[in-house]
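Here is a short note for a colleague who is opening this model for the first time. Please read it beside the structure.

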Amino acid sequence: MIAVKQLSKTFTAKKKGGSGSSAQTVRAVDALDLTWEKDEFIAVVGESGCGKSTLGRILAGLIPPSQGSIELDNVPMSQVLSQRGRPWSRVVQLIPQDPYAAINPVRKIRSLFRDPLLYHHRVAKSQVDLRIEELLAMVGLDPKNVLDKYPHQLSGGQRQRVVVARAMTVDPGYLVADEAVSMVDVSLRIGIMDHLKKISTERQLGLLFITHDFRVARYIAQNGTIAVMYLGRVVEQGPSEEILGHPMHPYTQALLSAVPILEGREERVNDVVPLRYEVSAHGERGCAFASRCPFADQTCRETSPPLTIVQAPDHSVACHYAESRSVVIDRSQIS
Ligand SMILES: Nc1ncnc2c1ncn2[C@@H]1O[C@H](COP(=O)(O)OP(=O)(O)OP(=O)(O)O)[C@@H](O)[C@H]1O
Ligand code: SF4
Ligand SMILES: [Mg+2]
């Protein structure tokens, strides 16, 4: 299990103004807690800029957190190599949104696979070609059609599949897929998601799929977990059918009410109202969502609500009034 505790990441960027430049601090991930079981599928959903990719990159060990910890089966990330004998890159692999960013454009597909297989001693030299073919076949590619091509000679869907297969060269325990199908033609998305789910199920991998689309989240996390992120925090988390059927956080409710496919709600609850659209720079105190929440009161503005289990066994919400604001959605209408 991977346990993320009080994880924060701030970026400082230079901001140019009329009288020179000043530094602006962005809190991309903010005291975030998350547990991720070995074979669990988690869909992380949230609007642009809420910190999803930053979380994914930290989980994959590509950038360090500013604060907080990440543990693998109670071993801190920094000690996994010495205690478990595997580098973090073999624990978590990231599949980025843009396949071009993940693969070297001047190398043929065959050589993109050879190096990680040999470097990590995943297979004997004589078996490398066979293993590459297995990996490509695993994601539905015909090896002889792609092995001797450069990335630019492949279609977008083929490139994304290559990236998925390449992540598997190091035999990771967990996969983070960051908007992994958003740059692929709509008609090809289901196929790639199905391959990701199949590979993860067969190999008992944890899959954390980042998306801004609830329909994608539901497809990925059918028997898994949905975590809703807002301004660097998880504000609601639980079994996917529970989140989609009984959203309790006003933000989740508003996002779901904006999904056209969810129009057939059993109850048209007045509470599911449009958000107030201004995102404030969230201060230290109070609920981060207060500036957009139609139900915010003085308590909300003064005290930050912790992520708390409100529905046993594992539906957690970060809202002072979660229990009084449950909504029932007709699940048969969600497709
Ligand atoms: N390297 C960086 N330097 C400065 N700010 C950054 C950096 N990376 C991310 N940010 C900022 O951190 C915040 C979260 O960014 P992030 O990319 O994690 O969001 P996201 O949820 O993945 O958004 P999207 O859905 O658009 O991909 C944003 O305000 C972004 O501008
Ligand atoms: S704590 Fe208050 S402001 Fe925050 S989501 Fe709940 S009702 Fe809205
Ligand atoms: Mg992103």
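**Notes on the two ligand sites**

1. β2 (20–36) and α1 (52–59) each supply at least two residues of the shell around ligand 1. Helices (H or I, at least four residues) and strands (E, at least two) are DSSP runs, numbered from the N terminus. The largest share of this shell, 3 residues, comes from α1.

2. This is a predicted model: local features need pLDDT of at least 70, side-chain atom pairs count only at pLDDT 80 or more, and totals for chains, interfaces and linings use all residues. Residues are numbered from 1 along each chain as its sequence is written, chains are lettered from A and ligands numbered from 1 in the order in which they are written, and side-chain values use heavy atoms, with hydrogens and water left out.

3. Residues around ligand 1 include Phe 11, Val 26, Ala 28 and Lys 52. Being near a molecule takes a heavy atom within 4 Å of it. The shell splits into 4 nonpolar, 5 polar and 2 charged residues. Here Ala, Val, Leu, Ile, Met, Phe, Trp, Tyr, Cys and Pro count as nonpolar, Asp, Glu, Lys and Arg as charged, and the others, Gly among them, as polar.

4. Check the backbone next. An N or O atom of the Gly 49 backbone lies 2.8 Å from an oxygen atom of ligand 1. For a backbone N or O atom of Gly 51, the distance to a ligand 1 oxygen atom is 3.1 Å.

5. Now ligand 2. Its surroundings include His 249, Cys 287, Phe 289 and Tyr 321. The shell has 10 nonpolar residues, 2 polar and no charged.

Key
Polar contact = N/O pair within 3.5 Å; in protein donor to acceptor, adjacent residues only side chain to side chain.
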